[in-house]
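Good morning, colleagues. Please look at the display first.

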Amino acid sequence: YGQFDGNIEDRLDKVQHLVSSVNDQVATPIKVHQDVNLFATEFSQVDSKVSFILGPGRMIYLLCIEGSLSVETSESSGVVTASKHDAVEMQGLLTEPVTITVKAKQVEEVETGHAAAHLIYFEMKQDGGGGRSDI
């Protein structure tokens, strides 16, 4: 087993790619034997934002760790708000990419002493189902 502590400068107000498949050519600090990617972002202030592309046939699970966020896509007129410890599942389109924009709505003091809104998201092959079925 290994560990990667990361560096705040690599994820502050931008997306840091932390984990990828051993089959991908992209360089990440951690490689796994799964078709999955893990990204992290910390926003330094309210209204900071990042955008990223969700490829065709892909999906994400986004977790708001600290602060609160708004999440919107290029294919929807709605905005989803996620607060601390909320998760969002988003299914992409099967035939074309989707742009996802995440914006900090609220920041809070984190363990390093600075203010941030913090998120991680996992990107993987779309499973076609998604959503909770237990409620």
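Which residue in β9 does Leu-69 stand opposite? Leu-69 faces Ala-104 there. This is a predicted model, in which local features need pLDDT of at least 70, side-chain atom pairs count only at pLDDT 80 or more, and totals for chains, interfaces and linings use all residues. Residues are numbered from 1 along each chain as its sequence is written, and side-chain values use heavy atoms, with hydrogens and water left out.

Let me begin with the sheet. β6 and β9 run antiparallel and are joined by 6 bridges. Strands here are DSSP runs of E, at least two residues, numbered from the N terminus, and two strands pair if DSSP finds at least two bridges between them. The open sheet has 4 strands in the order β4-β9-β6-β7, with antiparallel pairing. Its edges are β4 and β7 (79-83), each of which pairs on one side only.

I turn now to the packing. The largest nonpolar core has 20 residues, and those touching the most other members are Phe-43, Ile-60, Leu-62, Leu-69, Ile-100 and Val-102. Such a core is a set of buried Ala, Val, Leu, Ile, Met, Phe, Trp, Tyr and Cys residues joined through side-chain atoms within 4.5 Å; buried means under 20% relative accessible area, with a 1.4 Å probe and protein chains only. β9 gives the most to this core, with 4 residues. Apart from it lies another core, of 5 residues, including Leu-18, Leu-38, Ala-40 and Ile-120.

Technical notes
Buried < 20%, exposed > 50% of the residue type's maximum accessible area, 1.4 Å probe, protein only.
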